[in-house]
Amino acid sequence: MGVNCYAIFRNKAMKCALVIPSWVPEEIFSSKTAGSQINYWQPLGTLYIAAVLKKAGHDVKFFNGAFMTNEKILRGVKEFQPEFIGIYSTTFGWQKARQAAGDFKKIFHGRVFICAGGPYPIAMQERCLEDAGESLDAVVTGEGEFTVLEMMERLQSGKGLEGVTGVVYRQGESIRKNPPRPLITDLDSLPFPARELLGHASRYIPPPATYRRKPVAVLITSRGCNRRCIYCFQMDKERQSGIRYRSVENVLKEIEHCIREGYREIKFIDDTLAADYDRAMSLAQEIKARRLDFTWFASACVNQVDKPLLKAFREAGCWAILFGAESGVQKNLNTIRKGTTLEQIRAAVKAAKEVGLKVSTPFIFGIPGETFEEGLQTIQFSIDLNPDIANFHAITPFPGTYLYDNLDKYGAMSEELTDFTYQGAAFIPHTMTREEILKLRQIAFKRFYSRPSFIFRRILELRNLHDLKVAFKSLRSLFWLWTRRDIFNKAKSA
Ligand code: B12
C-alpha cells in the first residue's frame, strides 16, 4: 500500500463519498424493451450507510451512477475531495466498481481510503481485494452501518482496522480478514435512509406498469428471509438468523416521514411482507386507521397470505402485490426449494384479485432439470393464472447463493460478470440450451401480453396519461417481440 491511508484522518468530521458506479439500461436490457423494463428503485442499502455517517457528524455526498456518467462522478468526487470513498457493487457492477476505485486512487494520488460493499463484495470478500489490487483498501463483508462507522473511528484515530468485525482489509502487503459482524438485531435503532441525498426523488421510478403515483419511495420493514430458494442472494447465507423485524410503530414513523417529504407511493422491498401474519395485519390496519395518504406495492409469499390479510392490505392503500410464482411445474418449484405448490399460487392470485388488488408474478426459466417443454407449460400456467403483470426472467447463479456454490450439479455459468442480470446469459442448466431459455422468454412475453382479452382489459383500465404512456411502452416492446428474433440475445439484438 502506497501512502499510509490511515494517516490522513486527523480530523473530527470526515468527508465521505458514497458511489454507485455508472450504468445504463442498455447494459442490462435489450434497447428494444428497456423502456418497459427499466427500474430505478431507490438504493436503500447505500442510503442507510449514508444515514449513519451523517448522524455521526460526517460530511456525506452520494453519487448515483444510475443517473451520472463515470466522467461526471469522477469530476464530482474530485471536487468534493473526500477522505473516504465507499463503492457499492452487485456482480453485474463489479468491473465498473473496480475501475472506479482505480480512477479515484489516481485522482487523489492514493491519499484516500476506498472500500467496497454490497452484494458482490459480501459474497466474494478478500477475492475483491485480490482482484482490485492496490485500488481497494477494504471490503465490508456484511451489513455496513456499524462496520463503516467503526472504520471511521479507527481511521480518525489513526489506528488500523484490527478487530473491526465485518471487514476484510489490506495491511501492508497482506490481506487481513476479520470475523463477520453479527447481523443487526435492533433495526429500530437505525436512522431512516438518507433519501435527502437523492436529489430529484422523481427520477427514482419503478418499471412503468408497477407504480401508480409519484414520487415513489422504497422502504424495508424487515431484513432477511427464512426461505431457502437456491437462486436468491441473502446476507445471511445459511438463514440462521431468520427474519429481523422493525416494530410496526417504527415503520409507521418512516412512512409518515416519507409522506411529509412528498412521497405519494411506497414500494416495500421486504422479500415478503407477510412472513409474520399478525404483524402484517396490524401494519395494514394502522396505516388505514391513521388515514395515511399514499398507495403501496409489496411482495408476499403465496402460502403466507389469505383473503382477510389481502383485503386489509387493499383497504390500507395497497394497489398491487407481487407473488414469486417462479414456475408452473411443481417438480421445478421443488428443485429451486421454493416451498410452495401450484395450488397455493392459484389460491393466492385468486384471493388477491377478489379483493381488488393488481397481481404481479415473476417466473424464471432455466431452472436446473427444466426442459423446454416444461418451460412452455410454465407459460401456459402464467396465462391460466392471468395476473395483471407477469415477468419472465432467467435464473441467475449470483455469488453467495446455493446455486452458485453447487453449480456443477446443475449446469454451466458464464464467466462474464455483466451477464448476471436475470436476462438469460449467466446460466445454462444441463437440460436446456441458452437459445432455448431466451426463446422461452420471448415466447412468454409475446403470448402473455398479446392476448386480445389482456389488451382489451388494459384499454378499459386506461385512466390517465401515465397509463397511456405505460400502454405505449408495452405496445412498443410487443412490436419488437413480434418483429425481432432473439430480442433477448444481447449480442444479436442491440
Ligand atoms: C433496490 C435494488 C435495486 C435498485 C438500486 C440498486 C443500487 N444500489 O443501485 C435498482 C432497481 C437500480 C437495482 C438494479 C439492479 N439490481 Co438490484 N436490487 C435491489 C434490492 C431489491 C434492494 C437492495 C436494498 O436496498 N436492500 C436493503 C438493504 C438494507 O440491504 P443491502 O442493499 O444489502 O445493503 C446493505 C449491505 O449491502 C451494505 N451496503 C449496501 N450499500 C453499500 C455501500 C457501501 C459503500 C458499503 C461499504 C456497504 C453497503 O450495507 C447495507 C446496509 O446494511 C436487492 C434485493 C435485496 N432485498 O437486497 C436487489 C439486488 C441487489 N439487485 C440485484 C441485481 C442482479 C440487480 C440488477 C443487475 C438487475 C437488473 N436486471 O436490473 C441491476 C444492477 C444495478 C447495478 N448498479 O449494479 C441482485 C444482486 C445480486 C448480486 N450478487 O449481484 C439483488 C441482491 C437481488 C437478488 N436477490 O438477486 N436493484
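This is a predicted model: local features need pLDDT of at least 70, side-chain atom pairs count only at pLDDT 80 or more; totals for chains, interfaces and linings use all residues.
Residues are numbered from 1 along each chain as its sequence is written, and side-chain values use heavy atoms, with hydrogens and water left out.

Let me begin with the whole chain. The protein has 19 helices and 17 strands, where helices (H or I, at least four residues) and strands (E, at least two) are DSSP runs, numbered from the N terminus. The C-alpha trace spans about 65 × 55 × 40 Å along its principal axes. For 494 residues, a compact globule would have a radius of gyration near 23 Å, and the protein agrees with that, having 23 Å; the radius is taken over C-alpha atoms, and the globule rule is 2.2 Å times the number of residues to the power 0.38.

Of the 494 residues, 58% count as buried, and here buried means under 20% relative accessible area, exposed over 50%, and partly exposed in between, with a 1.4 Å probe and protein chains only. If we take contacts, meaning heavy atoms within 4.5 Å, with a separation of 6 or more, residues 24 or more positions apart account for 74% of them.

Turning to the cysteines, how many disulfides does the model have? The count comes to zero, a disulfide being a pair of cysteine sulfur atoms within 2.5 Å. Cys232 is in no disulfide, since the nearest cysteine sulfur, that of Cys229, is 6.3 Å away, and Cys232 is partly exposed, at 23% relative accessibility. For Cys128, the closest cysteine sulfur belongs to Cys115 and is 11 Å away, which is too far for a bond; Cys128 is buried, with a relative accessible area of 1%.

Finally, the backbone. Most residues other than glycine have a negative phi, and most peptide bonds are trans. Against that background, the peptide bond from Lys214 to Pro215 is cis, with omega near -10°, and Pro215 lies in the loop between β7 (174-177) and β8 (216-219). Gln125, which is not a glycine, has a positive phi of about 50°; Gln125 sits in the loop between α5 (119-124) and α6 (126-132), and is buried, with a relative accessible area of 17%. Asn386 also has a positive phi, near 55°, in the loop between α13 (372-385) and β15 (389-394).
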